[in-house]
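The following exercises concern the fold of a single model. Please work through each task with the sequence and the structure at hand before reading its solution.

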Amino acid sequence: MGKINTIFFWLGGVITQTIPESAVLGLYNQPVSKLNYENRMRLLGLAQDLSLGRINSRLFCQRTIELSGIVIAAEELEARIKKSVTVRIPVLEAIKELPDAYNLWLISDYPPEWVEQFANHSDLYSCFHPNQVIFTSESHLVRMDPDIFYYSVCQATQPMDACLMVDGMSARAVHSVMHGLSSAIFMDTARLKREFALRRMIP
């Protein structure tokens, strides 16, 4: 196993809430878990299509509104989603503790125009250089998993065994290991720092 020198962090689920969580907050101002199972699965499918670039952000909002039955303009929902996204500052602070020797990349499943809105009001780009942000919707992926694993390491020009992916989606994290990419499942900031310490990335 190679020495880790490159770390990929997912935006949705690690540094911010997921796209479905942001959409439900924008629509109902309540957690996504309050949706019934069928609508939750449909919303997850829409979010996947958005992240893969199959639909744009406006169409995502239109279809999410249709799913909800709430009368609201797509433009209004999009504005609410942008406002509802919260950057987890403690996570960014934990990332800043990593030595400069590590090559840090951000994988954004959110569309660029949404990220621009909240990145300007946070320290997001103090951790990640704009040239080291991968927007999945612009990456021409056929499937998110496993395509993003190979695309990411290719962008970083690093071998698979030199990379670590921090992911809030446990199933995808498990799949990444099956493809030779080390992963850490994000639960909370304390456990993320513990992961760094166990891997001797921080003291």
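Contact means heavy atoms within 4.5 Å of each other. The model is predicted, so local features need pLDDT of at least 70 and side-chain atom pairs count only at pLDDT 80 or more, whereas totals for chains, interfaces and linings use all residues. Residues are numbered from 1 along each chain as its sequence is written, and side-chain values use heavy atoms, with hydrogens and water left out. Helices (H or I, at least four residues) and strands (E, at least two) are DSSP runs, numbered from the N terminus.

**Exercise 1. Describe the surroundings of S182.**

Step 1. Locate the residue: S182 belongs to strand β5, residues 182–185.

Step 2. Buried means under 20% relative accessible area, exposed over 50%, and partly exposed in between (1.4 Å probe, protein chains only). S182 has 15% relative accessibility and therefore counts as buried.

Step 3. List the contacts. Not counting residues up to four places away in sequence, S182 touches I4, C163, L164, M165 and R199.

**Exercise 2. Determine the order of the strands in the open sheet.**

Step 1. Apply the pairing criterion: two strands pair if DSSP finds at least two bridges between them. Strands of a sheet pair through backbone hydrogen bonds, either parallel or antiparallel.

Step 2. Examine the pairs. β1 and β2 run parallel and are joined by five bridges; within this pair, I7 has L104 of β2 as its bridge partner. β2 and β3 are also parallel, with three bridges, and I107 stands opposite I134 in β3. Strand β4 (residues 163–167) pairs with β5 in the parallel sense over four bridges, where A184 of β5 is the bridge partner of V166.

Step 3. The five strands follow the order β3-β2-β1-β4-β5, with parallel pairing. β3 (133–135) and β5 are the edge strands, each pairing on one side only. On average, neighbouring strands are turned by 20 degrees against each other, direction ignored.

Step 4. Consider the covering of β2. Of the six residues of this strand (103–108), five are buried.

**Exercise 3. State which elements the buried residues of helix α8 pack against.**

Step 1. Identify the buried residues of α8 (residues 147–156): they are D147, I148, F149, S152, V153 and A156.

Step 2. Trace their partners. These buried residues pack against β1, β2, β3, β4 and α9.

Step 3. Inspect the flanks. The loop between β3 and α8 contains P146, which is joined to D145 by a cis peptide bond with omega of about 15 degrees. H140 is found in the loop between β3 and α8 as well; H140 is not a glycine, yet its phi is positive, about 55 degrees. With a relative accessible area of 74%, H140 is exposed. After α8 comes T157, with a positive phi near 50 degrees.

**Exercise 4. Determine how helices α2 and α3 are oriented to each other.**

Step 1. Read the geometry. The axes of α2 (residues 37–51) and α3 (residues 57–68) come within 10 Å and cross at roughly 170 degrees.

Step 2. Classify the angle. Angles under 35 degrees count as roughly parallel, over 145 as roughly antiparallel, 65 to 115 as roughly perpendicular and the rest as oblique. α2 and α3 are therefore roughly antiparallel to each other.

Step 3. Name the residues in contact. α2 contributes N39, R42, L43, L46, A47 and L50, and α3 contributes S57, F60, R63, T64 and L67.

Notes: Axes fitted to C-alpha atoms, helices over the stretch in contact; angles between N-to-C directions.
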